[in-house]
Number of protein chains: 4
Amino acid sequence: MADRLTTEVRAKGRLEAFSDGVFAIAITLLVLDLVVPHHAGGRLLSELFRERPVYLAYFISFMSIGIVWIEHSALTEALERVDAGFLRLNLLLLLFVGFLPYPARVMQEYLSLIEPQHGGQRTAVAFFGMILFLMSLMLLVLGKYAEREGLFGGDTVEERTAERRVTYKLAPSLIFYALASVLGLIQPYVGLVLYFVIGVYLLLPVRTVRGWLGRGKS
Amino acid sequence: MADRLTTEVRAKGRLEAFSDGVFAIAITLLVLDLVVPHHAGGRLLSELFRERPVYLAYFISFMSIGIVWIEHSALTEALERVDAGFLRLNLLLLLFVGFLPYPARVMQEYLSLIEPQHGGQRTAVAFFGMILFLMSLMLLVLGKYAEREGLFGGDTVEERTAERRVTYKLAPSLIFYALASVLGLIQPYVGLVLYFVIGVYLLLPVRTVRGWLGRGKS
Amino acid sequence: MADRLTTEVRAKGRLEAFSDGVFAIAITLLVLDLVVPHHAGGRLLSELFRERPVYLAYFISFMSIGIVWIEHSALTEALERVDAGFLRLNLLLLLFVGFLPYPARVMQEYLSLIEPQHGGQRTAVAFFGMILFLMSLMLLVLGKYAEREGLFGGDTVEERTAERRVTYKLAPSLIFYALASVLGLIQPYVGLVLYFVIGVYLLLPVRTVRGWLGRGKS
Amino acid sequence: MADRLTTEVRAKGRLEAFSDGVFAIAITLLVLDLVVPHHAGGRLLSELFRERPVYLAYFISFMSIGIVWIEHSALTEALERVDAGFLRLNLLLLLFVGFLPYPARVMQEYLSLIEPQHGGQRTAVAFFGMILFLMSLMLLVLGKYAEREGLFGGDTVEERTAERRVTYKLAPSLIFYALASVLGLIQPYVGLVLYFVIGVYLLLPVRTVRGWLGRGKS
């Protein structure tokens with residue numbers, strides 16, 4: 001029995017190592033999508049400056065993966081062990097994390113002013129938002145699964161924090177991402193700015209968010 | 001002697017870290033092969049939609065590497081130590097894992113409808129299946145080698161689980177992959193769908209598979 | 001309380017694993033920017049030789065990320081725990097680390113003699129220097145934050161070493177990077193050589209630097 | 001004092017994690033250099049088959065990085081601690097590891113028969129061999145440095161094994177790599193085959209090599 005526990009604790013260690021790897025690679029691959037302005041000569045500065053929307057898209061993509069990493073790491077820290085189902089659901093989360101650089105690239109290409117792609121911006125921004133939505137959804141599913149299967153250690157501080165994160169931050173963010181995607185279909189830049197705002201909100205520590213909501217229960 | 005054991009346990013730790021790295025990178029590099037539809041303008045949505053076979057190929061590649069990672073992680077967890085031979089065989093497994101993005105890229109390019117490459121789909125699908133076969137084969141070889149060299153700790157739960165995985169899942173999957181590759185040579189999409197089905201089957205926990213086979217021995 | 005400490009220590013472990021991943025990937029992605037001389041035939045050697053400025057740029061980029069990794073690793077080793085704020089500031093540092101391959105690519109393209117891009121070298125070199133500056137700045141901010149929030153364990157050898165690093169090396173390097181960037185705007189190769197010199201200076205162990213400054217206090 | 005030791009042991013842990021990351025990424029990035037035959041249609045199989053020299057080059061590159069990883073991991077396992085000098089020399093080793101995909105890409109392009117680049121093969125093969133030589137040299141330097149600075153724990157089994165590796169395998173391999181590079185300048189395929197043979201020799205466990213040399217001292 002003790003053996004079994006040790007194995008499960010170690011399985012958790014490898015799940016974290018593998019997930020950290022995928023998160024770190026996905027977040028760093030984003031830079032490959034930034035296009036170098038060719039033959040700009042003395043106009044290089046202004047060419048780089050015109051790429052503002054692309055940098056914003058890069059920043060949002062980076063921030064979004066970073067947030068999911070922070071939440072994922074907070075979740076698995078609160079876990080006592082992982083099981084076969086958790087491993088497989090986690091793989092599904094990583095599928096969306098590893099896929100995000102693609103909609104990010106599509107969006108960057110259609111927002112780029114170096115090689116302008118008029119039209120298609122709405123689709124690109126909504127496509128990106130959809131993957132953000134699915135990433136958050138999978139995180140929520142992982143949290144709910146861990147709760148149902150009793151993978152948390154007990155009623156510790158960490159578990160309660162993890163629950164609060166789900167209730168006060170992840171669940172609402174799903175609605176916000178869905179909304180932002182739909183708005184992106186109408187006004188792409190509005191969608192983009194909303195992704196940014198949701199990201200900033202998710203980056204705020206839970207404590208702050210609860211404070212805003214005016215709740216005092218510990 | 002105690003020293004030697006400590007070293008071998010630590011050697012295992014680095015083998016896991018290095019392998020996790022290669023798995024994580026290979027699985028995340030797959031996204032680089034997805035092609036952004038250029039100058040699609042307002043037709044971007046339909047262009048993205050037409051790329052369905054490419055997304056399926058991406059999903060299968062991701063799932064296949066994910067499965068090998070899960071099996072590899074289950075195998076090394078059951079090990080008590082690794083030796084020089086295991087290290088080298090493991091490198092051979094990683095060779096195929098690190099190589100998989102190439103046949104995946106070939107297959108995606110020949111399945112893509114944005115830049116259609118009529119013909120060659122059969123070869124591409126069979127080539128991909130051959131590497132899936134070799135990956136599974138190396139995993140089986142690793143498991144058999146560990147058994148023969150007594151790298152498992154003893155007759156623990158983990159070892160028996162590892163053995164069962166080999167007997168009930170990996171060994172049959174080899175035959176299935178070989179079959180799917182041959183069928184892919186005749187009907188590429190049949191091969192593709194079979195890779196998907198094998199993947200889903202491999203993702204099911206061992207317990208479930210044994211249940212299907214109607215065996216009750218613990 | 002003991003639980004809480006354990007969690008914070010483990011949070012530190014994952015922060016290190018994720019950061020090591022981003023550092024390792026960013027430093028290794030740099031190689032993708034090196035352009036293979038096409039159709040050079042027998043002139044391949046001379047074509048490769050002409051690329052000297054590009055190799056220098058590669059070397060400087062590699063060294064700069066390597067330095068930040070060494071300093072980051074020295075900093076987090078001295079920490080007893082990390083908190084939510086540290087996690088988020090660390091993400092901001094990683095943003096610049098992950099972004100560096102982009103200005104490195106811009107600079108390499110505009111310094112390359114295979115596909116010469118006359119003009120724009122000044123902008124490219126200064127852009128690169130600006131990111132180096134921001135990377136160092138974020139490292140300094142992280143160190144100051146950790147000090148203010150009492151994340152160090154106490155008045156140990158490590159903490160004092162970490163403080164000394166900040167005072168004798170990181171803070172001055174900020175001024176040097178700012179200066180080098182400005183000079184790069186006037187004479188690109190002067191900027192490039194200065195980045196190299198600053199890198200070598202930062203690679204020298206703290207002890208040596210303090211010796212030069214003629215201070216003997218331990 | 002105990003504190004200091006703990007820190008140094010942990011510094012070793014991060015050095016290993018970061019190095020494993022760079023090794024894993026460099027070895028996996030090699031796959032990006034494999035070119036997909038475009039518009040091959042029904043001739044895809046023969047087009048892929050003609051790429052044999054490129055696959056050989058890929059295999060040799062993969063094997064070479066794999067070997068250096070195995071030797072590096074054996075070396076650092078034998079270490080009790082690392083110091084500032086070791087950290088910096090290790091960064092220099094990683095510079096060559098991270099750079100290897102570039103000469104590998106040059107070599108693959110000039111060996112490729114899809115887009116033939118007549119001439120330049122000699123330079124490409126010798127360039128690749130030079131980096132292999134420098135990688136092995138840095139590994140030797142790291143080993144010698146660790147010995148001189150007393151970073152090994154004492155006269156344990158691991159240390160003596162590490163010493164033997166240096167004496168019986170790494171040192172001779174330097175001469176072989178230099179020879180193979182020179183021969184590659186005259187006959188590129190001879191150089192390529194020699195890199196392969198040296199790789200196989202380095203992959204053999206030390207014990208075997210010592211047996212061949214007819215020495216029995218333990």
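What is the area buried between chain A and chain C, and what percentage of that area do carbon and sulfur atoms give?

1. This is a predicted model, in which local features need pLDDT of at least 70 and side-chain atom pairs count only at pLDDT 80 or more, while totals for chains, interfaces and linings use all residues. Residues are numbered from 1 along each chain as its sequence is written, chains are lettered from A in the order in which they are written, and side-chain values use heavy atoms, with hydrogens and water left out.

2. About 3400 Å² is buried between chain A and chain C, with carbon and sulfur atoms giving 66%; buried area is here the accessible area (1.4 Å probe) that two parts lose on being put together, summed over both. On the chain A side, the residues that lose the most area to chain C are A:V36, A:W69 and A:E77, together 18% of what that side buries.

3. In terms of contact (heavy atoms within 4.5 Å), 44 residues of chain A meet 36 residues of chain C.

4. One salt bridge is counted between chain A and chain C, the term requiring a side-chain nitrogen of Lys or Arg within 4 Å of a carboxyl oxygen of Asp or Glu. The side chains of C:R14 and A:D20 form a salt bridge at 2.5 Å, N to O.

5. C:N90 is buried at a relative accessible area of 2%, where buried means under 20% (1.4 Å probe, protein chains only). Leaving aside residues up to four places away in sequence, C:N90 touches C:L15, C:S19, C:H72 and C:L142.

How values were computed: Buried < 20%, exposed > 50% of the residue type's maximum accessible area, 1.4 Å probe, protein only.
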